[in-house]
Amino acid sequence: MKFGGTSVGVPEHFAVATQLVVARRDRDPVVVVSALAGVTNLLADFCRHSGHRRDIAARIVDRHHRFAREAGLPLATVDALLDAWCADAEALAEHLDALHGAERDEVLSWGERLSAELFAAGLAAAGVPARAILAGDAGLITDDRFGRAHPLPEAEEQLRAALGLRPPLPVVTGFLGRTGDGRTTTLGRGGSDYSAALIGAALGAEEIQIWTDTSGMLSADPRIVPEARPVAQLSFTEASELAYFGARVLHPKTLLPAIERHIPVRVLNTASPEDPGSLITAEAGPADSPWRVKSIACKKGISAVTIVSTRMLLAHGFLAGVFEVFGRHHIVVDLVTTSEVSISVTVDDTTGLDAAIGELESIGRVEVRHGLAVVAVVGEEAPRRVGLAGHLFTLIGLAGRLAREPLVRGARGGRRSRGALAAPRARAGCGGPRSHHARGHGGPPVSVRVVRLGSARASGEGTRIGTVRRPPRGVPKSKFSAQNWYDVWFPTLAPSVETMKLGQGAVTPGTWATFTKRYKAEMAQPEARRALELLAALSHTASFAVGCYCEDERRCHRSLLRQLLIENGAKVEPVGP
Ligand code: ADP
Ligand code: ASP
Ligand code: MG
C-alpha cells in the first residue's frame, strides 16, 4: 500500500490512511510512503539555492512539528531525525554551490525518512506494531545514477529477505534506494509509486495499491480538464502509456515490475476510500462508450530531432545507425516516424543530446525543435477506430494550436493502444490563446469537406467530414479526391432516424418544410449546437466546403447544414468539383 504526499501530508487524510492499513492488517500489508506534500520541493530548493538554506531547513522542521501536532502524534516521534537533519543542513548552509548527485539525493531523502517515521508512529498509536525502514535497509539496492537510479537485479532477493519477516509492519521510504557501497539514491521525482511496485513484485503481493488524491486514473489530467472521470479498468499497456506521456498519478516506471509478475495495480483515493478507483491488469476492459477513448495525457518540454538524408532511400542499416547513436548516448526515444528520406524522433530528457547530434550530423542534416508537447490519446481499441485520428487532429486544430502537419505520429494501426502526436507546446492544448488564424502558421491549408450527413444517432452514425475511399452513391468519381482530407464523424450532428427518413422522402415543398423545421429544432439541441460551433470554428483554420451533389440544391440536407454553419459564424467556401 503506497501513500502519496497528499495522503500523508494532510492530517485528516493521514488518519484515514493509517486506518486503511489497520483495517487490512490481516492481509499482511507493506506500506510505502512519500514525503509530506511539498517537502521534496522544499528540499530541492534547498539544493538549488545556497542563499536560503537555513530558512528552508527551519521551514522543514516547522512543517513536521506542526504536522505531528495536528495528527495527534508526540513531537518526540520526529525529534531525533529533525536534529540530524538540522546538523546536515547546517553543514551545507555555507556551501556556496548548488548540490548535485549523491549530495543532492542525500538531502532529498529527508522527506521520506521523516514521513515514514510519522506513519509508523501513526500505526503504533492505532495499535499496530510498525517500524519505519529506509529503502536501502529494506534491500532496494540500485546503481549510482543519482537522481534517476535503477534497481539492481539483486534488489529483488534482498527485498524479499528484509521484508519477509512481519510483524512489525514495515513502513518503507518510497523514492529512495542505496548503492552497493552505501550511498543514498533517488529513483526520480514521483518515484514512490515505482518503489511500491518494486516491493510488491519482489514479495509476490496479491495487489499493489497506489493511494493518492484522485479516485483512480482519470480520463484526463484534472488540472487541465476538471470534469475528467475515473477510468474503471485499464490494461498495463494503456496505463503505462498514460503514465509515460504525462499522467502524473503514476510514475512512468511503476507498471514494469507489476507486468513482469502479473500483479494487479489499483489506484485509489485516500480522501474517498469507498470509491472503486482504477484497476490495472493485463485486460483492458471496455471503454465506457464506443465513441470514447480511455484517457488523454499530455507531456510538455519535448524536443524533436529530425535527420534528413537521401542515403536512407532504398538503403539498409540507416535506421540502425541512427539508433545506435541514441543508444550509445543513453538517450531515450519516445515517438518515431519515418519517411523515405527522413526520420523524426521525440526526446524527453535531453541530457547528452548535443553530443549525439554532433554524431548524427555525419549521417544527415539534423533539425532540432525544442519546447514541444506530446499529446497521447490512449485506448486499446483506439487505433482501430476509423476516423479517430482525423477527429483528434481536427480538435487540436480547432484549438488553433497544431502546426499544419503533425511532426511525429505514433501507433498507426496494429493492436497498439496509443495515438500520439507532437505539437508546438504553446499550441498543444497546454496553454496559449485560442487562435482562429491558423493559416498564418504556415504550411498548406487543410481541406475539410462534409461528405455525408448521417442518419442514425443511435447506431453511432453522424455527420461525416472528410475522406471517403469511394464517392457516395450517385456522385461521379470526378467530383472526389480523397487526398489530404480529414476523416471526422460528428455523431451529435446527426438528425434522428425519423427526421432523416422524413428528409429522404421530402419531395414536395410541404414535406421539405416539415423536415427543415424538425431538423433545425434538433440542431438547436445543446450537443448539436456545440458540434456546429466546433465546425464553424474549424472553418476558420481550414479550407472548408460543404459539398452538395443533389439535383435540387434547395432540398439538400447539406445545404441546410451549410446554412446552419453560416448562422454559427462559419466561413464556408463554395463547393468545387
Ligand atoms: P501522490 O502525492 O499521491 O503521489 P501525485 O501528485 O504524484 O500524487 O499524482 C496525483 C495527481 O496527478 C493528481 O492530483 C492529478 O493532479 C495528477 N494527474 C495527472 N493526470 C492524471 C490522470 N490521468 N488521472 C489522475 N490524476 C492525474
Ligand atoms: N517525494 C518524492 C517526490 O515528490 C517522491 C514521490 O512523491 O513519489 O518526487
Ligand atoms: Mg506521485
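In the predicted model, helix 5 meets helix 6 through Thr-77, Val-78, Leu-81, Leu-82, Ala-84, Trp-85, Asp-88 and Leu-92, which contact Glu-103, Val-107, Trp-110, Arg-113, Leu-114, Glu-117, Leu-118 and Ala-121 of helix 6 (contact: heavy atoms within 4.5 Å; helices: DSSP runs of H or I, at least four residues, numbered from the N terminus). By class, this contact has 11 nonpolar, 1 polar and 4 charged residues (nonpolar: Ala, Val, Leu, Ile, Met, Phe, Trp, Tyr, Cys and Pro; charged: Asp, Glu, Lys and Arg; polar: the others, Gly among them). The axes of helix 5 (residues 76-93) and helix 6 (residues 101-125) come within 10 Å and cross at roughly 170 degrees (axes: lines fitted to C-alpha atoms over the stretch in contact; angles: 0 to 180 degrees between N-to-C directions). Helix 5 is therefore roughly antiparallel to helix 6 (angles over 145 degrees).

The largest nonpolar core has 93 residues, of which Phe-3, Phe-46, Trp-85, Phe-119, Val-172, Met-217 and Ile-280 touch the most other members (core: buried Ala, Val, Leu, Ile, Met, Phe, Trp, Tyr and Cys joined through side-chain atoms within 4.5 Å; buried: under 20% relative accessible area, 1.4 Å probe, protein chains only). Helix 6 supplies the largest share of this core, 10 residues. Apart from this core lies another, of 16 residues, including Phe-318 and Leu-353.

Buried residues make up 50% of the 577 residues in the protein.

Residues are numbered from 1 along each chain as its sequence is written, and chains are lettered from A and ligands numbered from 1 in the order in which they are written. As the model is predicted, local features need pLDDT of at least 70 and side-chain atom pairs count only at pLDDT 80 or more, whereas totals for chains, interfaces and linings use all residues; side-chain values use heavy atoms, with hydrogens and water left out.

How values were computed: Helices (H or I, at least four residues) and strands (E, at least two) are DSSP runs, numbered from the N terminus. Angles under 35 degrees count as roughly parallel, over 145 as roughly antiparallel, 65 to 115 as roughly perpendicular and the rest as oblique.
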